[in-house]
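Please have the viewer open as you read.

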Amino acid sequence: MARKLAAGNWKMNGLSADLAEIRTLLQAPAPGCGVLVCPAATLVAAMAEACAGSFVAVGGQDCHAAAKGAHTGDVSAPMLADAGASHVILGHSERRADHGEDDALVKAKAEAALAAGLLPVICVGETEAERDAGETLAVVEAQLAGSLPETAGLVIAYEPVWAIGTGRTPTLEQIAEVHDAMRATLAARFGAAAEDIPLLYGGSVKPGNAAEIFAVSNVDGALVGGASLKAADFGAIITAL
Ligand code: PEP
């Protein structure tokens with residue numbers, strides 16, 4: 001698995017007409033990094049069809065821990081794979097906040113994703129209060145301990161909750177501190193396989209700050225929300241990687 005990855009999270013945005021942005025993105029030459037776009041579940045199949053055979057992989061934004069059953073409104077990992085997804089975002093702070101998802105549930109979902117052949121993109125990150133209290137590394141370590149699956153086939157996104165959608169980012173030194181710590185934790189847990197795990201930074205990544213963030217130690221790419229919706233912005237971020 002290539003370690004460099006630019007991933008887009010469309011969140012609860014995007015109608016069929018917005019696939020035009022993906023078609024525009026696909027007109028660029030294939031970049032030297034992996035590219036992933038995660039639309040709402042309603043668009044996964046159509047986006048996967050539009051991206052078939054291209055440099056853009058498609059992912060879901062969540063999956064249920066069960067493969068099927070009486071869970072009205074939910075989407076399972078095999079369903080996402082069947083629709084053409086190769087990845088799924090899990091444990092995003094908006095899921096943790098809006099739906100009360102805890103580390104154990106994220107881990108169960110990650111195991112379900114792996115069983116369905118999907119690569120989980122597991123999100124961790126501290127709140128502003130936790131950072132102010134000096135608890136950032138402890139919070140991230142606890143989230144990693146509780147939400148990682150048993151095997152190393154995964155992607156991690158460090159997303160400080162206070163940086164998501166706010167236009168604020170940690171300093172480059174703060175990002176390096178967390179990413180270096182995560183790499184060490186993963187090495188202790190998975191051994192040499194930890195070297196292959198992409199560590200993404202997420203939270204207000206834009207064309208204007210992407211290059212400096214990508215130059216930070218152990219930052220292998222980004223999980224991008226708002227700036228992934230437009231081909232021009234996301235394309236510029238991909239180029240910076
Ligand atoms: C996200 O939702 O994962 C995210 C990083 O959002 P934004 O880039 O808009 O801050």
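Which residues does UniProt list for "active site"? The unreviewed entry gives His92 and Glu159; UniProt positions follow the numbering used here, feature names are shortened, and annotations may be inferred rather than shown by experiment. Although these two are spread over 68 residues of sequence, they cluster in space, with a largest C-alpha distance of 8.3 Å.

Two notes before going on. This is a predicted model, in which local features need pLDDT of at least 70 and side-chain atom pairs count only at pLDDT 80 or more, while totals for chains, interfaces and linings use all residues. Residues are numbered from 1 along each chain as its sequence is written.

**The two listed residues**

Helices (H or I, at least four residues) and strands (E, at least two) are DSSP runs, numbered from the N terminus. His92 sits in the loop that links β4 (87-90) to α4 (93-99). Glu159 belongs to the loop between β6 (155-158) and α8 (172-190).

A residue is buried if 20 or more other C-beta atoms lie within 10 Å of its own, exposed if 12 or fewer, and partly exposed in between, with C-beta atoms placed from the backbone. His92 counts as buried because it has 28 C-beta neighbours inside 10 Å. Glu159 is buried too, with 26 other C-beta atoms within 10 Å.

Leaving aside residues up to four places away in sequence, Glu159 touches Ser93, Cys123, Gly125, Ile164, Gly202, Gly203 and Leu223 (contact means C-beta atoms, placed from the backbone, within 7 Å).

**Around the ligand**

There are 14 residues around the ligand, and Ile164, Gly165, Gly202, Gly225 and Gly226 come nearest; a residue is near if its C-beta atom, placed from the backbone, lies within 6 Å. By class, this shell has 5 nonpolar, 7 polar and 2 charged residues. Ala, Val, Leu, Ile, Met, Phe, Trp, Tyr, Cys and Pro count as nonpolar, Asp, Glu, Lys and Arg as charged, and the others, Gly among them, as polar.

Strand β3 (residues 56-60) is largely enclosed by the rest of the structure, because 4 of its 5 residues are buried. Its pairings are tabulated here; strands pair if DSSP finds at least two bridges between them.

| Pair | Sense | Bridges | Opposite residues |
|---|---|---|---|
| β2 (residues 34-38) and β3 | parallel | 3 bridges | Leu36 and Ala57 |
| β3 and β4 | parallel | 2 bridges | Gly60 and Val88 |

From β2 the chain crosses through helix α2 (residues 41-51) to β3 in a right-handed β-α-β crossover. Another right-handed β-α-β unit is made by β3, helix α3 (residues 77-82) and β4. Right-handed means that, with the strands pointing away from the viewer, the path from the first strand over the helix to the second runs clockwise.

Definitions and conventions. Contact = placed C-beta atoms within 7 Å.
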